[in-house]
Amino acid sequence: MADFKQLTDAEFQKFSELIYANVGISMKPEKKELLNARLGKRLRICKINSFKEYYELINQPEQKQVEFINFLDSVSTNFTSFFREISHFEFLKSKVLPELLMRCGANSRELFFWSSASSSGEEPYTLAMILNDFRMLNPKFRYKILATDISTRVLALADRGVYAVEQTSKVPVEYLKKYFQKGRGASSGKVKVKDELRKQVNFQRFNLMHDFAWHNEMDVIFCRNVMIYFDRETQQSLVEKFYNSLASGGYLFIGHSESISSLKHKFIQVEATTYQKK
């Protein structure tokens, strides 16, 4: 196979438009080298000699559920960690969960939590640990956790629930003992989320650009460090969809580096990067 050439400006523009149209991510010109490297890996795997040929491949109808998904996987950013931006989880424990229990616990209504960009699973598993501990103290507390991402690759990792020990450095010791199994032998240096916790999280592939056709209103939505990759128009649309999909009194958590203050919305800000639907 011949070495492929560098991504041209025209090719970068075409791929950027395709990415924006499908997942809402705005690829700025400075991301050209990053895209070149990531797509270059797909060219080698597919044994394709040019970006032009690859573009034609992923636009074939029969590739929409095959290589096109791999293409989207390759351009998505999936950095995350357990207990990332811990103040959100502290607010959840101290304020949100007691409030939801008081409002909905008497009639035992099941509560719905959504990690909308779950990546490799650290965020929804952190959520599951906190919710499970809260339920142990409040048996009437019932909940479901939905975890979604655009990337099938990271969803597969999340569903396995296997992590390097160093990835759990922020997990409190008592949670490590309660919710993780240490690997032995060939799995030494790794830990696995125990099945009882792993089964509490429903992982699904979902594109945030699509309509939110959930059967139940959400009570808490986490969408952290995602909107920074979207332009203002996409952010506006997404915030409106989050608001409409939340139950009255529900909460939206966004990343500490994000803000919706410049957008039109009906949320009430209750903490830094934490909003409530009144």
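This is a predicted model: local features need pLDDT of at least 70, side-chain atom pairs count only at pLDDT 80 or more; totals for chains, interfaces and linings use all residues.
Residues are numbered from 1 along each chain as its sequence is written. Local features need pLDDT of at least 70, side-chain atom pairs count only at pLDDT 80 or more, and totals for chains, interfaces and linings use all residues, while side-chain values use heavy atoms, leaving out hydrogens and water.

**Exercise 1.** Work out how α2 and α4 are oriented to each other, and which residues meet.

*Step 1.* Grab the helices (DSSP runs of H or I, at least four residues, numbered from the N terminus). The axes of α2 (residues 32–46) and α4 (residues 67–75) come within 9 Å, crossing at roughly 150°. Axes are lines fitted to C-alpha atoms over the stretch in contact, with angles from 0 to 180 degrees between N-to-C directions.

*Step 2.* Angles over 145 degrees count as roughly antiparallel, so α2 and α4 are roughly antiparallel to each other.

*Step 3.* For contacts (heavy atoms within 4.5 Å), α2 brings Leu35, Arg38, Leu39, Arg42 and Cys46, and α4 brings Glu67, Asn70, Phe71, Ser74 and Val75.

**Exercise 2.** Do likewise for α5 and α6.

*Step 1.* Helix α5 (residues 86–104) and helix α6 (residues 122–137) have axes that come within 11 Å and cross at roughly 50°.

*Step 2.* Oblique is what remains once under 35 degrees (roughly parallel), over 145 and 65 to 115 (roughly perpendicular) are taken out, so α5 and α6 are oblique to each other.

*Step 3.* On the α5 side, Phe89, Leu92, Lys93, Leu97, Pro98 and Leu101 meet Glu123, Thr126, Leu127, Ile130, Leu131 and Phe134 of α6.

How values were computed. Helices (H or I, at least four residues) and strands (E, at least two) are DSSP runs, numbered from the N terminus.
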